Amino acid sequence: MVASVLDGLGGRMDGVRHVLTLRIYYEDTDFSGFVYHASYLRFMERARTEILRAIDFDHGRLWDEKREGFVVRRMEIDWLRPALMDDVIAVSTTAEDVKAATLVLRQVVTRGEEVLVSALCKVAYLRDGRPARMPERMREQMRRTE
């Protein structure tokens with residue numbers, strides 16, 4: 001597997017936040033050349049997956065072995081500025097609130113120092129399709145990103 005020259009495969013923990021660096025490709029843009037608004041949802045989803053990996057949890061393994069995982073319950077998004085093809089962006093993710101079965105995550109997409117998108121995402125933890133408590137170690141690790 002080849003690691004990204006930008007920041008390593010899967011991003012990195014930077015203090016209390018996780019940072020995933022991505023390059024914008026043609027497929028991410030719309031007819032105007034700007035990043036299509038729904039593409040940011042994919043970028044933020046990748047970042048939420050990677051923060052879990054950074055604290056040693058794997059979405060696929062949780063689902064395959066225990067039928068557990070997260071679903072997005074609510075998102076508030078502010079699109080402030082567009083990204084363009086070939087831009088390098090960073091998606092920063094931090095926990096704002098950690099409960100037994102829910103997380104509220106702040107996600108900010110930047111290009112350099114410029115904020116492009118800001119989002120608040122509430123996710124619920126499910127087991128067999130029903131709300132359930134997250135594993136204690138997961139809650140403890142996520143609290144460290146608050």
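Is Arg74 buried, partly exposed or exposed, and what is its relative accessible area? Arg74 is partly exposed, with a relative accessible area of 48%, where buried means under 20%, exposed over 50% and partly exposed in between, computed with a 1.4 Å probe on protein chains only.

Before going further, note that this is a predicted model, in which local features need pLDDT of at least 70 and side-chain atom pairs count only at pLDDT 80 or more, while totals for chains, interfaces and linings use all residues. Residues are numbered from 1 along each chain as its sequence is written, and side-chain values use heavy atoms, with hydrogens and water left out.

**The whole chain**

Show the protein as a cartoon and follow the pattern β-β-α-α-β-β-β-β-β-α along the sequence, made up of three helices and seven strands, which are DSSP runs numbered from the N terminus (helices H or I, at least four residues; strands E, at least two). The radius of gyration is 15 Å, close to the 15 Å that the globule rule gives for 146 residues, so the protein is as compact as a globular protein of that length; the radius is taken over C-alpha atoms, and the rule is 2.2 Å times the number of residues to the power 0.38. Of the 146 residues, 42% count as buried.

**Strand S3**

Select Arg74 again together with Glu76, whose side chains meet in a salt bridge at 3.2 Å, N to O; the term requires a side-chain nitrogen of Lys or Arg within 4 Å of a carboxyl oxygen of Asp or Glu. Glu76 is also partly exposed, at 40% relative accessible area.

Next select Arg73, which lies in strand S3 (residues 68–79) and is exposed, with a relative accessible area of 58%. Leaving aside residues up to four places away in sequence, Arg73 touches Lys122 and Val123, a contact meaning heavy atoms within 4.5 Å. Arg73 and Val123 are 50 residues apart in sequence, yet their C-alpha atoms are 5.2 Å apart in space.

**Charged pairs elsewhere**

The structure holds twelve salt bridges. In helix H1 (residues 37–54), select Arg48 and Glu45, which are three residues apart and therefore separated by about one helical turn; the closest N and O atoms of their salt bridge are 2.5 Å apart. Arg48 counts as buried at 8% relative accessibility, whereas Glu45 is partly exposed at 32%.

Move on to Arg53, partly exposed at 44%, which forms a salt bridge with Asp58, the closest N and O atoms being 2.9 Å apart. Finally, select Arg81, Asp87, Arg111 and Glu114 together, as these residues are linked in a network of salt bridges.
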